[in-house]
Amino acid sequence: MKKLILLSISLILTACSSDPSQDTITVFTNVNVIPMDSEQVLMDQTVIIDGDRIVDLVPSDEITLPPGAAIIDGSGKYLMPGLAEMHGHVPPTDPGPDTPDYFDDEYVESTLFLYISAGITTVRGMLGYENQLELKDRVNSGELVGPNLYLAGPSFNGNTISSPEQAAERVREHKEEGWDLLKVHPGLSLEEYDAMAETAHEVGITFGGHVPEEVGVIHAIESGQITIDHVDGYVNYLQQFGNEEMEEKLAEVIQLTKEHNVWIVPTMALWETIIGAADFETMKQYDELKYIPKAVKQNYFNFADNPQSGYTSENPQAHAELRRQILDEMNKAGVKILMGTDAPQLFSVPGFSIHRELPHMKAGGMSNYEIIKSGTKNVGEYFAQQDDFGTIAEGQRADLILLAGNPMEDLSHIQNHLGVMVQGKWYSREMIDNKLKEIEAYYAE
Ligand SMILES: [Zn+2]
C-alpha cells in the first residue's frame, strides 16, 4: 500500500502526453482573470505559462497561440492566483522514537498533496523539524509534489531556550541553516525574547508566531515581530480593560500594529475550537476527516468530547465575538491580514481548513475580495524578497486556480475548483480527485 501511494504521485507527474503538466508552455484560453492587483475581473483573456512563470496575459482577440503549447480551454471560467496557508504545518520527515507511527513518508506526502488539492499553492510552515530544509528543497525544485514551502525553524519557547545568550546563538544558527523565519512560541522570558529580536534584526531574519505572556502584544509589535498569529495576544491585552476603555485601547493597539507593519494571521476557526466556542458535533461530521490518519482524527474527537486547553474560555461565545470585533476593526483600519488556519491542528485538515476559515473571516467583517487578497496579493507582498507571486501578471510565479464561477461573488467556487497549477505544473480536477480517493483508501485501512 505504501508503495502504491508513492508510485501514484509520480504517475500524476508522468501521465499521458496530452497532460499539460508535461509541456513547458501551457495556455489558458478565453478565461476571465481575477488578477488580484485590484478588485477587477479581466474578461476573455489568454494567459501563457512558460516553465514556472506567467509570461503573457492579453485579451484573447489580440493573440496568436504559440505552436505546440498545451491548451486549457477557459471559456466561461475564471482564473485566480493560488491561495496560501500562512500558518501551516508540515509533518517531520525524520520522526524520533517518541513520535506516533503515522508520522511516515506517506503522511508527509499526503499532507503536501492535500494542500494542493484545495488550491493552496504556498505554505508558510510554522514549526521546523530536523531535515525539513531538505524537504523544502525537494518540493520547491519539483522533485516532490507539494505547495511552495517557506519554513520557520524549530520553535523558540520556554523549553528550548533557557537564557538570552542561548536565544541569540540559536538565531544565528537558524539564519545560517537557511530557515525563512524564526518561530516564536509561548514561554520565552522578556530577556530571551529581546535577545532573540535584537539578534534577528542584526543578522536579517524575521520572527513571527505567538506572543509570549511575559512579552505582551505591545512589546512584540514594537520589537518588530513580523506576524502576530491567532490574535490571542491582542485579546489578552484588551481583556485587562473595562468595556469603555477597551474600545480606545483597541484603536490604539491597531494604530501601533499599522505603524510597525505587523501582519496578522487570525486563524479564527481554530481559535473558536480551542476556546470551546465551536460546534463540535458538526465538525465531527467533516467529510475531509477521511483524508487523515485515524490517530489524528481520534485526537480531534478526544478534544471535542472534553475541550480542555490552556486557552479554553469561561464564556466562549463572548470571547469569539470579541475576536470577530478585533478582526473587523483591524480590517477596517487597513491592518494587513494573512490567510491561515494552523493545519493540521484540531479539525483543520490541511487545505480543506482554509475553506472552513473563509466564513469566519467573513463573519469578522471582511469582504470576499479582502479575504481572497489575504491569501494571494498580501502573501506575495509578505514574501516579496523571496519571489514574485500572489497576483496574475507577467513575471509572476504560475500558481493558479481555475474556477467555474467568479469567487468574488461566491467564495465556494474556490473549493469547487476545476484544477490547480503550482509552479506551472497543472493538476486537473480529475487527477486531484483520483489522488484523494487513494489517500482516503490508504487511511481507511
Ligand atoms: Zn501552529
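M339 counts as buried, because 25 C-beta neighbours lie inside 10 Å of this residue; a residue is buried if 20 or more other C-beta atoms, placed from the backbone, lie within 10 Å of its own. The model is a predicted one, in which local features need pLDDT of at least 70, side-chain atom pairs count only at pLDDT 80 or more, and totals for chains, interfaces and linings use all residues. Residues are numbered from 1 along each chain as its sequence is written.

M339 is placed in the loop between α12 and α13 (352-363); helices (H or I, at least four residues) and strands (E, at least two) are DSSP runs, numbered from the N terminus. Beyond its neighbours within four places in sequence, M339 is in contact with residues including L83, I354 and S374, contact meaning C-beta atoms within 7 Å.

Helix α12 (residues 316-333) also meets helix α8 (residues 243-259): their axes come within 10 Å and cross at roughly 50 degrees. This angle makes α8 oblique to α12, the term for angles that are not under 35 degrees (roughly parallel), over 145 (roughly antiparallel) or 65 to 115 (roughly perpendicular). The table lists the contact residues.

| Helix | Residues in the contact |
|---|---|
| α8 | L250, I254 and K258 |
| α12 | I326, E329, M330 and A333 |

In helix α3 (residues 132-140), the buried residues are Q132, L135, K136 and V139. They lie on the same side of α3, because they cover an arc of only 105 degrees around the axis, taken from the directions from the helix axis to the C-beta atoms. The buried residues of α3 pack against α2 (105-117) and β8 (148-151).

How values were computed
A residue is buried if 20 or more other C-beta atoms lie within 10 Å of its own, exposed if 12 or fewer, and partly exposed in between; C-beta atoms are placed from the backbone. Two residues are in contact if their C-beta atoms, placed from the backbone, lie within 7 Å. Axes are lines fitted to C-alpha atoms, for helices over the stretch in contact, and angles run from 0 to 180 degrees between N-to-C directions.
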